[in-house]
Amino acid sequence: MRDTVSTLPALPLDLDDLRLPIPVPPRPPRPRRVRAWFRRHGPDLAWLAPLLTLAGYVHAAGMTRSPAFTEAEGRTMARIAAGVPGDFGAAQLAAWIEPTGALDRAEHTVAAGREAMLVVLLLGVVLLWVLARRLGVARPAAAVAVVLFAVSPLALHLHRLVLAENVAVLWMLLAFVLATARRGRPVAFPAAGVAVLLAALTQETFVVVAPFVVWTMWQQVTARRWRLAVAGVAAAAGAGAYGYVLASLGELGGAAPERWWTLDPVLVAIGPVAAGAALLFPALRPPAATLITLVLLAVVPGGPAPAALPLAAVPLAALLVPATAHRLVVRLLAVRGRPEAMPLAIMTTTAAAALIVAVTATWPGELGPLLRDDPVAPVAQAERWLTANVPRDGRLVVDHPLRADLLRSGFAADGLVPFTSFPADAVAEGGPLDPRPPGWTHYDYVVSTAALRTDDADRPDVRSALAESTVVASFGLGDGRVEIRAIHPLGRDVAETVAAGDRRTVGYATGQLLRNDALTFDAAARAVASAGLVDPRLVIVLGKLSGTHELAVSLPALPGEDAGVRRRLVLTGLPTEDEAARLALWLLGQPPPFTPSQVDTDGTTVIATYSLTAPRGLLPDPPPPEEIP
């Protein structure tokens, strides 16, 4: 056989020396989506973090104190506290309030709802920032928009109120954000429609933004078939939305633009101006047209609900003011060096200076009360007074916020009637209201708050209850004062006649005590004793003590009762603390009705407090005036 010679190279004896030119394809790099996302959005996060901190701090500073609680807040929180939110907006608030235990933490029921409003605000800040960036607004201008949205006096006042409209604003902003999506439009556009639907379900007035959201979608697409479809949806949404709004103009209440102007004339004035200028720029036209529409609805007599209009307009105005200014500055830089650049620069500088001066002149004065004042304090004091002095089955006419707090304190629900439950004159003339509460004579007290006094409806029962009642405790001053008024079914004139007779009887009895050497009255106590403004139980107890002790007597007023009958007794001059303790036990051992509701000792001082109402006939009638020496 013929030998064959191989031409292949011989294998090395050590396989480690083998080197084969085998090409190995490189491993594809692993996708690093998180790192790429942070690289793309890191600058926005760096801007947004301090803005969220600022917005949260300003909103939280005094949010449970100012502004004063409103009837709308009280009604909403009463439903949530009872576990029956009643509508979609309140149900969304309950989704935060109930699981987080906000009602257990908050001193007031409405304050628990305002905690939820802080969360709503922070979410709104994020959505407004995203919307501004998607509309091509530079980060500094977007930061100005967030500051206007969070710190403007009008915005701060409205954002703190526990209103479903605040939640609807979130859905509106989310709808615009989804409508400006550059990716995933087959998902984002239907989601934007759902967001508009949720905004309208939360507060029906927000249905007016539907066509503008569709207009925003139309701007994002270029294909003819997509534009035709979007145009059809816009026409249907516009017809339905404005048909509904026009049909409900007379039902939803009148607008109050003068109140908005008082809170923040700067934003109210420059917002529509910025919207008009923003129509020059295609990307800003839908939000600008939305703001102009809201302004027009606000000035229509008998227009939609007042709270919905400014709440929907505030984020749009806050966005359009810096966004329009940014676009104008960009256009100014584009014409730099041309003849028209100088007049445009002068106008821009003048407008900026005027805006800064206006903000400096108006915002501090309106922000100060929102951050520092406490209009809720008189309400809290009145609630504590009622809890301490009125039986739990007492019958009271109150406003909704106070009713929600009193229910938490154990008062019977059927004894607390909101003043808005009484029919107005027009309803009373047309027929009985079902359910109709009993007349004003069936109640013991009416609590006169700012909400009750400023009620627009003329309610005969409430008017009669105020007219035929007298103040037993008052807290606060001016328009924010809270008066607890005792209702007199037989009329105030009869009650005042009886009270005058009681004062004469007590004045005669205390005159005998003032001449007793064992009791030393201070000047203030001597004055109220001479006027007969002392509870008769105190007079009888002091008469008993005058035979066994030498005491110094003070008759201080309880909080809120400065002008009323004194029912607190302060006794000093006891020799030892043990003697004071024995006296306190003696007071507590007195038979009813002479048993104090509370007795405290402070060293050698004894403080006794008696219940609100003393039985009649404890003191004998004084002799005729001509027989008094």
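β4 and β5 run antiparallel and are joined by six bridges. The model is predicted: local features need pLDDT of at least 70, side-chain atom pairs count only at pLDDT 80 or more, and totals for chains, interfaces and linings use all residues. Residues are numbered from 1 along each chain as its sequence is written, and side-chain values use heavy atoms, with hydrogens and water left out.

**The sheet**

Strands here are DSSP runs of E with at least two residues, and helices are runs of H or I with at least four, numbered from the N terminus. Two strands pair if DSSP finds at least two bridges between them.

T470 has A486 of β5 as its bridge partner. The hairpin of β4 and β5 has six residues between the strands. There, G476 takes a positive phi near 85 degrees. β5 also pairs with β3, again in the antiparallel sense, over four bridges. In that strand, I484 is the bridge partner of V447.

Both pairs belong to an open sheet of five strands in the order β2-β1-β3-β5-β4. Pairing in this sheet is mixed. β2 (416–418) and β4 are the edge strands, each pairing on one side only. Neighbouring strands are turned by 25 degrees against each other on average, direction ignored. Such angles lie between axes fitted to C-alpha atoms, for helices over the stretch in contact, and run from 0 to 180 degrees between N-to-C directions.

**The second largest pocket**

Rolling a probe the size of a water molecule over the atoms shows where empty space is left. The search uses a 1 Å grid over the protein atoms alone; a pocket is an open set of points where a 1.4 Å probe fits, with protein on both sides within 12 Å along at least five of seven lines. Lining residues have an atom within 4 Å of a point.

The second largest pocket holds about 1500 Å³ of space. That volume is the space filled by probe spheres set on the points, which are joined across faces, edges and corners. Its lining counts 45 residues, and V472, H488, A499, D502 and V565 are the closest to the centre.

Which elements supply at least two residues each of the lining? Among them are β4 (469–475), β5 (482–487) and α22 (492–514). α22 gives the most, with ten residues. By class, the lining has 23 nonpolar, eleven polar and eleven charged residues. Nonpolar covers Ala, Val, Leu, Ile, Met, Phe, Trp, Tyr, Cys and Pro; charged covers Asp, Glu, Lys and Arg; the others, Gly among them, are polar.

**Salt bridges**

The structure holds 16 salt bridges. Each is a side-chain nitrogen of Lys or Arg within 4 Å of a carboxyl oxygen of Asp or Glu. Buried means under 20% relative accessible area, exposed over 50%, and partly exposed in between (1.4 Å probe, protein chains only).

| Pair | N to O distance |
|---|---|
| D87 and R79 | 3.1 Å |
| D444 and R395 | 2.8 Å |
| R481 and E483 | 3.0 Å |

D444 lies in the loop between α19 (425–430) and β3 (445–448), and R395 in the loop between α17 (377–389) and β1 (396–398), so their bridge ties together parts 49 residues apart in sequence. D444 is partly exposed at 26%. R395 is partly exposed at 38%.

A network of salt bridges links D44, R133 and R139.
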